[in-house]
There are 2 protein chains.
Amino acid sequence: MRTEISTLGEFGLIDRLTASITPVNESTKRGVGDDAAVLSYPDKEVLVTTDLLMEGVHFDLTYVPLKHLGYKAAMVNFSDIYAMNGKPRQLTISVALSKRFSVEDVEELYAGIRLACERHEVDVVGGDTSSSLTGLAISCTCIGDAADVVYRSGAKPTDLICVSGDLGGAYMGLQLLEREKAVFHGQKEDIQPDFAGKEYLLERQLKPEARGDVVKQLSDAGIRPTSMIDISDGLSSELLHICKQSGVGCRVYEEHIPIDYQTAVMAEEFNMNLSTCALNGGEDYELLFTVPLEDREKVMALKGIKLIGYMTKPDDGSCLITRDGQEFALKAQGWQHDNKVSN
Amino acid sequence: MRTEISTLGEFGLIDRLTASITPVNESTKRGVGDDAAVLSYPDKEVLVTTDLLMEGVHFDLTYVPLKHLGYKAAMVNFSDIYAMNGKPRQLTISVALSKRFSVEDVEELYAGIRLACERHEVDVVGGDTSSSLTGLAISCTCIGDAADVVYRSGAKPTDLICVSGDLGGAYMGLQLLEREKAVFHGQKEDIQPDFAGKEYLLERQLKPEARGDVVKQLSDAGIRPTSMIDISDGLSSELLHICKQSGVGCRVYEEHIPIDYQTAVMAEEFNMNLSTCALNGGEDYELLFTVPLEDREKVMALKGIKLIGYMTKPDDGSCLITRDGQEFALKAQGWQHDNKVSN
């Protein structure tokens with residue numbers, strides 16, 4: 001079934017997409033339906049983050065289902081709020097659509113956004129749809145709150161460097177999808193890609209989870225990170241952000257960087273350096289944070305958190321210590337999307 | 001001079017664009033440079049509005065200078081905040097750029113955004129640049145505050161309908177620019193378009209001013225609008241929004257709709273119905289609001305505010321009374337950008 005967007009018009013489409021939205025946060029005073037959303041934050045600080053995603057640059061609809069895209073677009077913004085030690089509360093979504101998209105397509109996209117919002121108790125408070133000459137553009141803005149904001153700038157020498165989950169998986173998932181796309185386009189027959197045993201990597205790429213659970217764990221354990229950032233551009237790049245803004249150096253141990261088994265298998269299959277994937281592959285949306293040395297025992301007791309190194313004086317530089325004991329300066333190769341303008 | 005964006009990289013470009021930004025609002029705790037901006041709003045309600053502008057749909061760079069585009073992108077968001085009886089405080093800007101844009105182009109765009117921000121005392125607290133396969137996409141989110149939010153839903157029967165400035169000018173400016181573009185493309189010789197005597201219309205289209213001054217005037221005069229909206233999609237469309245959300249009808253008098261002399265001259269030149277231009281032409285960014293009947297004298301004493309009609313019971317419908325006394329039902333023909341998906 002395909003309903004043309006023109007049959008509903010912008011207002012009709014927005015009404016349809018936002019009809020059943022009921023705010024769950026006390027801070028949401030008025031959502032969709034006026035010139036602006038109205039929020040109330042008398043007791044906490046307000047966090048704002050925004051993202052603009054462009055088809056063909058940030059996502060490829062040949063292998064990304066629209067529902068997953070919506071889910072991820074929301075999740076990426078939640079991740080930024082968690083990285084400030086905050087809780088996401090409201091989300092606005094603007095989409096620009098070319099004519100090839102139907103009402104059902106937009107509903108799929110919104111279904112993903114709303115699923116993400118339900119899981120993280122976030123209210124959709126603004127929506128805008130308009131047209132685009134070529135592809136799909138999605139702009140999300142997330143508003144959150146925090147009683148005790150954690151910046152990138154608070155790390156001190158001797159602080160321990162911690163990371164949640166595992167790294168490099170989202171990047172390997174992307175490599176896998178790109179390879180299957182190339183195989184598919186090179187063949188005449190309609191063969192199905194073989195993703196058996198690689199589901200975790202696909203999920204890391206297509207359906208990342210923002211780590212609100214980690215923020216809660218830390219709070220429950222009475223640990224206040226001295227600095228925090230989410231890993232969207234790769235561990236190296238994010239570590240260098242913290243070092244620069246905190247005015248410190250760091251030592252990170254290759255052997256302690258958490259990597260999943262599937263990631264390792266795929267890196268071998270692709271003949272890629274595994275540590276490079278973990279250091280520079282982006283989109284893991286894990287949390288990287290530092291804690292004071294005295295919290296060592298407490299943080300080691302947490303599930304799914306790894307200590308990967310420690311902060312140093314700025315003069316000591318930012319280094320990776322390899323398995324064989326060599327030191328290399330960390331470089332921000334980063335993630336490609338936003339680093340260069342293509343085409 | 002043309003500097004490729006790739007020579008700076010995303011972070012270099014953002015550093016360059018945001019280097020000299022100094023916040024002026026007390027509510028801005030931390031701007032650009034972390035995972036999210038940090039704001040503080042202990043005493044007032046927080047307003048959030050967002051917009052996504054796509055090249056070829058919302059703007060045409062053949063006749064819109066980048067500095068004007070930046071100015072307008074910011075101004076359109078400020079206008080939404082003023083329409084809630086608020087004051088804009090913070091702005092985030094994301095831009096996606098294709099390869100044809102240079103660092104200097106982005107600086108021009110930002111120069112316009114920053115000029116708008118300076119004039120309305122708004123802080124840029126977030127910036128993001130990424131690439132686009134085809135055109136330019138700009139996403140702005142504006143955060144503001146209000147001690148006493150005015151919604152679209154508060155109008156009562158007998159309330160007076162008021163509008164600031166004059167209407168239809170931005171639409172005629174667009175027609176003028178489109179005509180000159182067509183003329184220009186049809187001719188081999190490099191003739192300059194003749195805009196003499198039409199400067200006001202061009203300014204209405206290219207450099208609209210959000211009416212913060214009107215919000216201040218109303219407040220100074222002790223008038224609290226019962227409902228308010230900004231005119232982005234045309235008077236008819238906005239009036240119908242207020243009527244629907246307030247559960248009232250309206251009577252608007254054609255003869256009282258404020259129209260500038262230049263708008264009238266151009267409508268004649270284009271052989272267009274002037275009232276249709278004023279009712280359905282978009283992008284004027286004037287304020288449409290209602291006040292209680294007892295504020296009649298006070299509101300009539302204000303400069304640049306016109307009474308155009310009054311609210312009625314819902315059963316009376318929403319009507320335009322023409323100069324010759326006929327009644328027509330108002331229709332939301334609206335503004336084309338967002339109402340249908342093209343191409």
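Visitor: By what turn can chain A be laid on chain B?

Guide: Chain A is superposed on chain B with an RMSD of 0.0 Å and a shift of 0.0 Å along the axis, by least squares on the C-alpha atoms of residues with pLDDT of at least 70 in both. This is a predicted model, in which local features need pLDDT of at least 70, side-chain atom pairs count only at pLDDT 80 or more, and totals for chains, interfaces and linings use all residues. Residues are numbered from 1 along each chain as its sequence is written, with chains lettered from A and ligands numbered from 1 in the order in which they are written. The turn is 180°.

Visitor: Which C-alpha of chain A is nearest the axis?

Guide: The relation between the copies is that of a two-fold axis. At 2.0 Å from this axis, the nearest C-alpha in chain A belongs to A:Pro42.

Visitor: How far apart are the C-alpha centres of the two domains of chain A?

Guide: An automatic or database domain assignment places domain 1 at 6–146 and domain 2 at 152–329. Between the C-alpha centres of domain 1 and domain 2 of chain A the distance is 26 Å.

Visitor: How many residues of domain 2 of chain A are in contact with domain 1 of chain A?

Guide: Contact requires C-beta atoms, placed from the backbone, to lie within 7 Å. Domain 1 of chain A contributes 15 residues, and the number from domain 2 of chain A is 16.

Visitor: With which residues is A:Ala74 in contact, leaving aside its neighbours within four places in sequence?

Guide: With those neighbours within four places set aside, the contacts of A:Ala74 are A:Leu91, A:Ile113, A:Ala116, A:Cys117 and A:Cys140.

Key:
Two residues are in contact if their C-beta atoms, placed from the backbone, lie within 7 Å.
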